[in-house]
Amino acid sequence: QQYCYEFKDQPMQGVINGQPWQARHVHRQVVDFGNRTEEKIAIYADACPQDNCFMVATPSILISKLDFSGAGGNLDNKKNVTLYTPPGNNVMVTQGSYRLSKSAEGKTRLEISFNHDAENAMNGYIEYE
């Protein structure tokens with residue numbers, strides 16, 4: 001089954017580390033390793049101060065292991081997301097689904113759905129250039 005988790009048609013929201021959370025800002029980076037490139041995305045509840053996302057004090061979703069070349073699929077041990085709560089709490093989510101599509105405006109629409117535990121769950125979409 002391509003998507004084992006259902007997607008809600010709503011802005012990405014849920015709880016991280018037991019706190020209500022809603023996606024508001026995407027920081028995208030493409031890392032060139034010479035023979036391949038890797039896309040890294042961080043999703044924040046707040047905009048990054050002075051474009052410095054290392055200074056964000058609220059939880060974020062870090063994505064570096066998803067395949068952005070297709071329409072998405074299910075999370076597993078190789079394709080996962082990390083929930084980061086400063087200063088150093090990381091929760092790796094390996095069960096859930098993600099879906100990629102294009103919005104009417106041509107932006108990338110990323111949908112994520114997971115229910116890791118009572119403290120960490122997310123559903124909805126965020127769009128970015």
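Q: Which strand does Ser97 lie in?
A: Ser97 belongs to strand β9, which covers residues 97–102 (a strand is a DSSP run of E with at least two residues, numbered from the N terminus). This is a predicted model, in which local features need pLDDT of at least 70, side-chain atom pairs count only at pLDDT 80 or more, and totals for chains, interfaces and linings use all residues. Residues are numbered from 1 along each chain as its sequence is written, and side-chain values use heavy atoms, with hydrogens and water left out.

Q: And how confident is the prediction, what's the average pLDDT?
A: The protein averages a pLDDT of 93, and 99% of the residues score at least 70 (pLDDT is the predictor's confidence in each residue, from 0 to 100). Confidence is lowest in strand β3, residues 25–32, with a mean of 89, and highest in strand β1, residues 13–16, at 98.

Q: Back to Ser97, is that residue buried or exposed?
A: Ser97 is buried, since its relative accessible area is 0% (buried means under 20%, exposed over 50% and partly exposed in between, with a 1.4 Å probe and protein chains only).

Q: What does its side chain make a polar contact with?
A: The side chain of Ser97 makes a polar contact with the side chain of Asn74 at 2.6 Å, and the Ser97 side chain also reaches the backbone nitrogen of Tyr5 at 3.0 Å. (A polar contact is a pair of N or O atoms within 3.5 Å; within protein, one must be able to donate a hydrogen and the other to accept it, and residues adjacent in sequence count only if both atoms are side-chain atoms.)

Q: What joins β7 to β8?
A: A hairpin of 3 residues links β7 to β8, and β7 pairs with strand β8, residues 89–93, in the antiparallel sense over 5 bridges (two strands pair if DSSP finds at least two bridges between them). Strand β5, residues 60–63, also pairs with β7 in the antiparallel sense, over 3 bridges.

Q: Who stands opposite Thr82, then?
A: Leu62 stands opposite Thr82 of β7, while in β8 the bridge partner of Thr82 is Met92. Strand β7, residues 81–85, is mostly covered, with 4 of its 5 residues buried.
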